[in-house]
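Student: I would like a close look at the pockets of this model. Please take the confidence of the model into account.

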Amino acid sequence: MTTADAETGRPRTTRVDCRPSGSRYLAFAPDGDSPWYRDLLVSPQATLEIDGVPHAARAVPLEGGERGFTLHLLEVDAARGRAIADQLLVHHGELRKTLAAARAELDGAPIADRRNPRRELLGHCVTFCNDLRMHHLREDGAFTAIEKAHPRLAPALKRLRQEHETVSRALRDLDQLLQGKGKIERAVLREEFERVVKGLEEHFAYEEANLLPALRGDGAS
């Protein structure tokens with residue numbers, strides 16, 4: 001199970017024993033200090049990997065004082081599809097704002113001070129990477145339900161899953177550049193940054209162009 005850390009928002013992956021209950025799963029926490037349990041009390045979204053397949057799930061606290069959750073796997077109907085489409089645009093908008101803030105730091109820092117853009121950009125990169133990792137983990141889980149509801153999207157979803165890995169590698173390369181020792185030329189930093197941004201924008205654009213029409217019911221599934 002992957003949850004969002006209640007304090008940092010970073011992805012937290014934990015092996016959790018779940019009991020099947022119809023189309024749902026029951027997860028019991030050994031105590032109230034279990035990190036994943038505290039995470040779900042703050043943010044009820046989770047990604048379950050079951051037999052190697054990721055599933056998006058919504059956690060509802062168990063009744064009767066039991067310490068745990070009923071995990072409802074995502075099912076995509078017409079209304080849910082529209083909600084996912086709207087949320088997808090919200091998430092992409094938030095990620096684009098973070099990228100814009102990083103670009104502003106890179107553009108606005110004095111040329112003579114090479115530490116400042118590096119330090120500030122690193123801060124934005126850490127925030128962005130954490131947000132994007134969680135976004136992609138949740139998407140991978142949601143894609144399983146979307147593909148079931150819209151089989152014709154299978155090729156596009158396969159490509160998007162692969163792009164998630166490509167984007168992660170590009171961000172790791174940028175992070176290594178920022179964390180490296182010694183001076184770094186602004187032109188080199190800007191080139192690497194823009195390469196990452198270009199790949200992300202192409203990924204977002206492809207996702208929006210291929211998923212939104214189906215999720216909003218604009219075309220046949």
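Tutor: Residues 110-115 have pLDDT under 50 in this predicted model. The model gives that stretch 6 contacts beyond four places in sequence. Where pLDDT is low, the predicted coordinates should not be read in detail. The chain as a whole averages a pLDDT of 86, and 89% of the residues score at least 70.

Now the largest pocket. Its space comes to about 1,200 Å³. The lining of the largest pocket counts 46 residues. Nearest its centre lie Q45, A56, L74, R138 and A142. Two or more lining residues come from each of β5, β6, β7, α2 (78-108), α3 (115-149) and α5 (186-215). Helix α3 gives the most, with 15 residues. By type, the lining of the largest pocket holds 19 nonpolar, 15 polar and 12 charged residues.

The second largest pocket holds about 460 Å³ of space. Its lining has 19 residues, with M1, T47, L48, E49 and I50 nearest the centre. Strands β3 (18-21) and β5 and helix α3 each give two or more residues to this lining. The largest share, 4 residues, comes from β5.

In α1 (residues 35-42), the buried residues are W36, Y37, D39 and L40. They fall within an arc of 160° seen down the axis, so they line one face of the helix. The face turned away from that buried side carries exposed L41 and V42.

How values were computed
Residues numbered from 1 in each chain as written. Predicted model: local features only at pLDDT ≥ 70, side-chain atom pairs only at ≥ 80, totals over all residues. Heavy atoms only, no water. pLDDT = per-residue confidence, 0-100. Contact = heavy atoms within 4.5 Å. Buried < 20%, exposed > 50% of the residue type's maximum accessible area, 1.4 Å probe, protein only. Arc of directions from axis to C-beta. 1 Å grid on protein atoms, 1.4 Å probe; cavity = no way out; pocket = protein on both sides within 12 Å on 5 of 7 lines; lining within 4 Å. Points joined across faces, edges and corners; volume = space filled by probe spheres on them. Nonpolar A, V, L, I, M, F, W, Y, C, P; charged D, E, K, R; others polar.
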